[in-house]
Amino acid sequence: MNPLNHVAIIMDGNGRWGLKYKNSRNAGHKAGLKTVEKIIKETLKNKIKFLTLYAFSTENWKRPKKEVKYLFDLLETFLVNRIEDLNNQNIKLKIIGIKNFSKKLNKLLIFCEKKTAKNNKLQINLALNYGSKTELINAFKLLSKNKEKINIKNITKYLQTKKIPDPDVLIRTGNTKRLSNFLLWQLAYSEIFFEKKLWPAFNEKDYNKIIKNFKNIKRNFGSIS
Ligand code: IPE
Ligand code: IPE
Ligand code: MG
């Protein structure tokens, strides 16, 4: 049975779900947050140490201002209401991506990271204004500035995921089979599960089914044994 340390998720399909059931994309984002709560609980139950959630990509700024605002307001409310409880559950929150939001939100994100920094039951990496290409470019820039050798170890140390093991599992909901600029380096050997359900419809049962399937996969990492 494969050990499972890190699950990464591209939480896709909120907009379509919202339009279908509530005639509003934003209602889909709100419903998607409920799935986030469910999946955090189930991740704890499964004793998984790292959960990385793709919440907003560097390309998502192309969306209408109103939708972007709704997403960040939702995030703000979520953190304000839930950070105490997450902290009590020994959960560490880390943001990956560039924090160039409103002053208020930047401050809140840093506050949440600091508050939970010493927790060690589960680390949640929230990918916010995250793009893998930007992350890699920044790593190469630092290597060149510090005149360091280009090798796996050095590149890894300048990624925002340094100290985080690569994901064992990647899940993408929403019936789309692409990576959308998510963890391109880190996913080199991850087991990938594309899920037809839209994110708000994804549930504990679906998640556990994927976990169970993952555990029985023969992982080779290039070898044949
Ligand atoms: C994913 O759902 C959430 C974010 C990108 C913030 P979408 O909003 O992309 O939902 P669809 O893919 O349009 O249905
Ligand atoms: C990926 O979903 C980003 C997040 C889930 C945050 P998108 O909906 O932005 O991806 P594309 O544009 O369909 O590739
Ligand atoms: Mg989408």
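Which element gives the largest share of the lining of the largest pocket? That share, 7 residues, comes from α3, a helix in the sense used here, where helices (H or I, at least four residues) and strands (E, at least two) are DSSP runs numbered from the N terminus.

This is a predicted model, in which local features need pLDDT of at least 70 and side-chain atom pairs count only at pLDDT 80 or more, while totals for chains, interfaces and linings use all residues. Residues are numbered from 1 along each chain as its sequence is written, chains are lettered from A and ligands numbered from 1 in the order in which they are written, and side-chain values use heavy atoms, with hydrogens and water left out.

**The largest pocket**

The largest pocket has a volume of about 810 Å³, a volume being the space filled by probe spheres set on grid points that are joined across faces, edges and corners. On a 1 Å grid over the protein atoms alone, a pocket is an open set of points with protein on both sides within 12 Å along at least five of seven lines, whereas a cavity is a set of points where a 1.4 Å probe fits but cannot get out; lining residues have an atom within 4 Å of a point. The lining of the largest pocket counts 37 residues, of which Met11, Asn14, Tyr54, Ala55 and Phe56 lie nearest its centre. Two or more residues of this lining come from each of α1, α2, β2, α3 (65–88) and β4 (122–130). By class, the lining divides into 21 nonpolar, 9 polar and 7 charged residues, where Ala, Val, Leu, Ile, Met, Phe, Trp, Tyr, Cys and Pro count as nonpolar, Asp, Glu, Lys and Arg as charged, and the others, Gly among them, as polar.

**The two ligands**

For ligand 1 they include Met11, Asp12, Gly13, Arg25, His29 and Leu71, and for ligand 2 they include Ile10, Tyr54, Phe56, Arg172 and Ser180.

The table gives polar contacts, each a pair of N or O atoms within 3.5 Å.

| Ligand atom | Protein atom | Distance |
|---|---|---|
| oxygen of ligand 1 | polar backbone atom of asparagine 14 | 3.1 Å |
| oxygen of ligand 1 | polar side-chain atom of arginine 25 | 2.9 Å |
| oxygen of ligand 1 | polar side-chain atom of arginine 63 | 2.7 Å |
| oxygen of ligand 2 | polar side-chain atom of asparagine 60 | 2.9 Å |
| oxygen of ligand 2 | polar side-chain atom of arginine 172 | 3.3 Å |
| oxygen of ligand 2 | polar side-chain atom of serine 180 | 2.6 Å |

Taken alone, ligand 2 exposes 390 Å², and the protein buries 79% of that; for ligand 1, the protein covers 87% of the 370 Å² of accessible area that the ligand has on its own. Such areas come from the Shrake-Rupley method with a 1.4 Å probe.

The elements that give two or more residues to the shell around ligand 1 are α1 (14–22) and α2 (25–45), and the largest share, 3 residues, comes from α1. Around ligand 2, strand β2 (residues 50–57) gives the most, with 3 residues. The shell of ligand 1 has 3 nonpolar, 5 polar and 4 charged residues, and that of ligand 2 has 5 nonpolar, 2 polar and 4 charged residues.

**The cavity**

The structure holds 1 cavity of 30 Å³ or more, and the largest cavity has a volume of about 40 Å³. Among the residues lining the largest cavity are His6, Thr52, Asn125, Asp166 and Gln186.

Definitions and conventions:
Near = heavy atom within 4 Å. Polar contact = N/O pair within 3.5 Å; in protein donor to acceptor, adjacent residues only side chain to side chain.
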